[in-house]
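Please read them with the model open.

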Amino acid sequence: MSADTSPLNRSQRLRVIRDFRRSVAEQADDLAEQVQRPLGEVWASEIIPLLEACRFLEKQAPALLETRTARGSTGLSFKGLKTLTARRPFGKVLVIGPFNYPLFLPGVQALQALVAGNEVIWKPGRNGEAVANAVRSRLIKCGLPAEQLSVTDESAEAGIEAIKSGVDLIIFTGSAEVGKKIASLAAESLTPCIIEASGSDAAIITKNADLDRAAKAIWFGLTINGGQTCISPRRIFIPQPLVATFESKMRALAENGESYQLPDQVIDQAKGIITDAQAHGASLIVGTPPSGDRMAPCLLSPVSANSKLHQADLFAPLAGLIGYDDESELIDLNFQSPYALGASIFGSESDCHRIAAQIPAACITFNDTVAPTADPRASFGGNRLSGYGRTRGASGLLSCTTEQT
């Protein structure tokens, strides 16, 4: 824990966030152009959620970070005692960002850490250095002292060097394998971490689901950012009697689909998963195997419980359809995956709540996929092999502080 050493007080820091939000809202072109994706998608998934996260901080941070007082006691022993609980900044926070959403994901984490009174080091992911520096430049113009936010290069070595140089909190977003290495390195100095790692998300369709809505939402989640989204649906669970109808709806959505350019290792992994699923009796009911460096959305059906898809940490527009007979079987099948990042459940509200209480996913949407998780009030993170700790929302802000009593 460190004292709040920021040259700005909390009100001044929030004023920087407000001016930054207004500046970006008026002119976001320089930020949007640094993200190498279609402009409309950048606005929807990066710019607007970042601005909403700023607004959340402006409105909610003062109360969330306020020192709280507890008076009285639970018995005679502590009669008259007053207990204060204060939130203190960690000191120096290292934000290690991903490549797939280089502005929104590390941007919100950095802003929350700054508002909490920390100094921030931003280590961008692949192709993220330009947008990180653009954010830093804009924040400095809005009054942030330059020494409060630094940006490293994109290399893995830059992250390792930052950890070894001494930081007080690490916030990492990326694969489970890299997350393990970060946590192991941090353990040498007992540096606390927030690890937001891989997903293999379940989309669960119940017997009461609106199949049209489910199909459209799952197709959106499968294809946004070319399938390179950690909470894209990978394993689609559906009652056996609804399988054929759902398959036809997905085929119709795929008629005007496009293909996406993906890294070689992602293409190779997708090919391997498709081959393995086919060896276990599945067929490609949507799409064809990847060709060259491009891949169109693919849907496998039926996917066996023995398929590697359940274990995959996949960043491609590929999902499998898994039929189930009853809820007990559904819960057991879902636990085939070691990941527990997000999930989507389609059905009545009572069905959704009942199933949500039985699965380990840390962030669950009802009758939708992906998009609601950008709500600035929603915390985000993973369980099991998908990591630990939370970013964003009230929990994310408080996670950038340590409690002093």
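**Notes on the packing**

1. In β6, Ile 171 is the bridge partner of Val 95. Helices (H or I, at least four residues) and strands (E, at least two) are DSSP runs, numbered from the N terminus. Strand β3 (residues 92-96) and strand β6 (residues 169-173) run parallel, joined by four bridges.

2. This is a predicted model: local features need pLDDT of at least 70, side-chain atom pairs count only at pLDDT 80 or more, and totals for chains, interfaces and linings use all residues. Residues are numbered from 1 along each chain as its sequence is written, and side-chain values use heavy atoms, with hydrogens and water left out.

3. The β3-β6 pair sits in an open sheet of six strands, ordered β5-β4-β3-β6-β7-β20. Pairing is mixed; two strands pair if DSSP finds at least two bridges between them. β5 (149-151) and β20 (387-388) are the edge strands, each pairing on one side only.

4. Two helices pack on this sheet. α5 touches β4 (119-123) and β5, where contact means heavy atoms within 4.5 Å. The direction of α5 makes about 155° with that of β5. Helix α6 (residues 156-165) touches β3, β4 and β6, and its direction makes about 160° with that of β3. Angles run from 0 to 180 degrees between N-to-C directions; axes are lines fitted to C-alpha atoms, for helices over the stretch in contact.

5. Helix α1 (residues 10-26) packs with α5 (residues 129-141) at about 120°, axes 9 Å apart. That makes α1 oblique to α5. Angles under 35 degrees count as roughly parallel, over 145 as roughly antiparallel, 65 to 115 as roughly perpendicular and the rest as oblique. α1 supplies Val 16, Phe 20, Ser 23 and Val 24; α5 supplies Val 135, Arg 138 and Leu 139.

6. α1 also packs with helix α3 (residues 39-64), at about 155° with axes 10 Å apart. The two helices are therefore roughly antiparallel. Contact residues of α1 include Leu 14, Ile 17 and Phe 20; those of α3 include Ile 47, Leu 50 and Leu 51.

7. A separate point concerns another sheet. This open sheet has three strands in the order β1-β2-β22, with antiparallel pairing. Its edge strands are β1 (68-71) and β22 (401-404). The twist averages 20° from one strand to the next. Four bridges join β2 (residues 82-89) to β22. Pro 89 has Thr 401 of β22 as its bridge partner.
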